[in-house]
There are 2 protein chains.
Amino acid sequence: MRYKAGLETRDRILQATRVLIASEGLDGTTIKAICEQAGVLPGSFYNLFDSKEQAILSVVRQAIDAVDPDPEHQGKDTLADLVEAYIRFVTEQGDLARVYIRLAISGSANNPEIKGRTMRHHEGRVVRFAAALSREHPMMSDAEAERRAETLVMALNGITMHKVMDPNFDVAVHARSLLSDALAGV
Amino acid sequence: MRYKAGLETRDRILQATRVLIASEGLDGTTIKAICEQAGVLPGSFYNLFDSKEQAILSVVRQAIDAVDPDPEHQGKDTLADLVEAYIRFVTEQGDLARVYIRLAISGSANNPEIKGRTMRHHEGRVVRFAAALSREHPMMSDAEAERRAETLVMALNGITMHKVMDPNFDVAVHARSLLSDALAGV
DNA sequence: TCTCTATTTGAGCATACACTCTAATTTGAG
DNA sequence: CTCAAATTAGAGTGTATGCTCAAATAGAGA
């Protein structure tokens with residue numbers, strides 16, 4: 001994997017994998033389908049990746065990384081910032097958002113590696129949301145902030161889940177509605 | 001399928017299918033696994049079901065029917081009633097709840113039959129929630145009630161989705177939190 | 001140009017899948 | 001008790017999967 005050709009092929013394979021997981025799910029993403037979509041033969045795939053799982057894990061990492069943008073800004077963002085960033089992720093990176101949501105379910109059962117990553121990511125997200133909430137409501141107890149943050153994160157996932165079924169669905173309206181309800185309920 | 005033995009075998013197969021979909025997902029549920037779990041050989045399975053898909057669809061129907069209990073009471077329930085009923089479904093019928101949530105994602109891509117059922121069910125649920133909300137808040141516009149109802153239904157799904165990954169997760173606390181936020185935000 | 005690798009090719013392997021078939025066994029009404 | 005129908009047994013079918021491998025081709029430094 002030192003020549004340019006190999007790197008380009010690698011990108012095409014990852015892109016094909018991403019599109020396929022988004023549209024067909026983890027189990028529906030076969031080597032044959034990946035290779036056809038990428039214009040490559042199985043031998044080339046296995047020259048660049050050790051296994052199908054390795055390619056899938058790369059895409060999983062892409063998806064998880066894409067959910068939480070601007071990590072340097074962490075510690076300064078408001079709850080509204082975080083929700084708006086999530087809306088942007090879902091609307092502007094549709095494929096990765098679909099991958100991301102499928103992980104929480106399809107991936108959890110079979111693949112411990114994916115399950116571990118997803119769980120750790122979820123917990124990190126809740127912490128970030130809770131910190132923002134605590135900053136905006138200093139009187140709120142940490143436990144209360146964490147509980148509220150977790151509810152909000154999961155509710156946002158539920159909305160995204162619906163978009164997987166109905167691609168025309170407007171995530172932004174419902175996500176903002178959740179946010180204002182959460183802030184109103186304090 | 002007229003003898004008692006056949007009916008009992010059918011039940012065992014459906015139960016095995018239910019448990020397997022809950023723990024392994026739709027694609028992980030193979031004929032071999034179903035037969036082993038049910039203590040049956042493939043010949044018996046195909047004596048009672050035309051296909052694997054038929055058995056799965058039976059379980060899908062079970063799950064969808066179990067989400068909305070007490071259909072006669074429809075038109076009188078409060079939003080709190082509906083949320084409490086959902087909490088009961090998730091906590092008391094764990095396997096079916098896991099099946100139910102997996103449908104929204106795993107099933108949607110590959111199987112148009114399951115996708116259609118799931119979408120219709122979702123819409124029906126939103127209508128029921130919206131009607132309850134309108135009854136409690138007569139001044140609210142129908143469009144507003146429907147939007148709020150849909151947000152709540154999806155958020156509840158998000159919470160249940162998390163329970164699929166973490167079985168010890170306390171759904172009730174977060175579901176009630178969503179409800180009170182939704183009512184507070186009016 | 002020559003040479004050594006990286007890359008691609010594409011046929012082929014073992015396995016697992018959904019499903020079928022025939023023969024044996026069990027059931028229960030008459 | 002009889003016997004046809006219902007049910008089971010279990011080997012076997014074709015196909016798709018993830019993956020391998022030897023041979024052919026393309027790329028880059030000498």
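Helices (H or I, at least four residues) and strands (E, at least two) are DSSP runs, numbered from the N terminus. With that settled, one residue to start: Arg98(B) sits in helix α6 of chain B. This is a predicted model, in which local features need pLDDT of at least 70, side-chain atom pairs count only at pLDDT 80 or more, and totals for chains, interfaces and linings use all residues. Residues are numbered from 1 along each chain as its sequence is written, while chains are lettered from A and ligands numbered from 1 in the order in which they are written.

Back to Arg98(B). Is Arg98(B) buried or exposed? A residue is buried if 20 or more other C-beta atoms lie within 10 Å of its own, exposed if 12 or fewer, and partly exposed in between, with C-beta atoms placed from the backbone. Arg98(B) has 25 other C-beta atoms within 10 Å, so Arg98(B) is buried. Next, contact: two residues are in contact if their C-beta atoms, placed from the backbone, lie within 7 Å. Setting aside neighbours within four places in sequence, Arg98(B) is in contact with Ala22(B) and Val164(B). Pro167(B) is 69 residues away from Arg98(B) along the chain, and their C-alpha atoms are separated by 9.8 Å.

Now chain A as a whole. Chain A has nine helices and zero strands. Its C-alpha atoms fill a box of roughly 60 × 35 × 30 Å along the principal axes. Chain A has 186 residues, and 41% of them count as buried. Of the contacts in chain A with a separation of 6 or more, 63% are between residues 24 or more positions apart.

On to where the two chains meet. Chain B gives 39 residues to the contact, and chain A gives 39 residues. On the side of chain B that touches chain A, at least two residues each come from α1, α6 (94-110), α7 (112-136), α8 (142-165) and α9 (171-184) of chain B. Which helix gives the most to that side? The answer is α8(B), with 14 residues. For classes, Ala, Val, Leu, Ile, Met, Phe, Trp, Tyr, Cys and Pro count as nonpolar, Asp, Glu, Lys and Arg as charged, and the others, Gly among them, as polar. The side of chain B that touches chain A then has 16 nonpolar, 15 polar and eight charged residues.

Two helix pairs at this contact deserve a look. Two packed helices are described by the angle between their axes and the distance between the axes. Here the axes are lines fitted to C-alpha atoms, for helices over the stretch in contact, and angles run from 0 to 180 degrees between N-to-C directions. Angles under 35 degrees count as roughly parallel, over 145 as roughly antiparallel, 65 to 115 as roughly perpendicular and the rest as oblique.

The contact of α8(A) with α8(B) has ten nonpolar, six polar and no charged residues. Among the residues of α8(A) that take part are Met154(A), Leu156(A) and His162(A), and those of α8(B) include Met154(B), Leu156(B) and His162(B).

The second pair is α9(A) with α9(B). These pack at an angle of about 90°, with axes 8 Å apart, so α9(A) is roughly perpendicular to α9(B). Asp181(A), Ala182(A) and Ala184(A) meet Asp181(B), Ala182(B) and Ala184(B). By class, this contact of α9(A) with α9(B) has four nonpolar, no polar and two charged residues. The buried residues of α9(A) include His174(A), Leu178(A) and Asp181(A). Their cover includes α5 (79-92) and α8 of chain A, together with α8 and α9 of chain B.

Last, the DNA. A residue is near a molecule or strand if its C-beta atom, placed from the backbone, lies within 6 Å of it. How many residues surround DNA strand C? There are 23, and the closest are Gly6(A), Gly43(A), Asn47(A), Thr30(B) and Lys52(B). The largest share of the surface near DNA strand C, four residues, is from α3(A). That surface divides into eleven nonpolar, eight polar and four charged residues. DNA strand D is surrounded by 23 residues, with Gly43(A), Lys52(A), Gly6(B), Gly43(B) and Asn47(B) the closest. For DNA strand D, the largest share of the surface, four residues, comes from α3(B).
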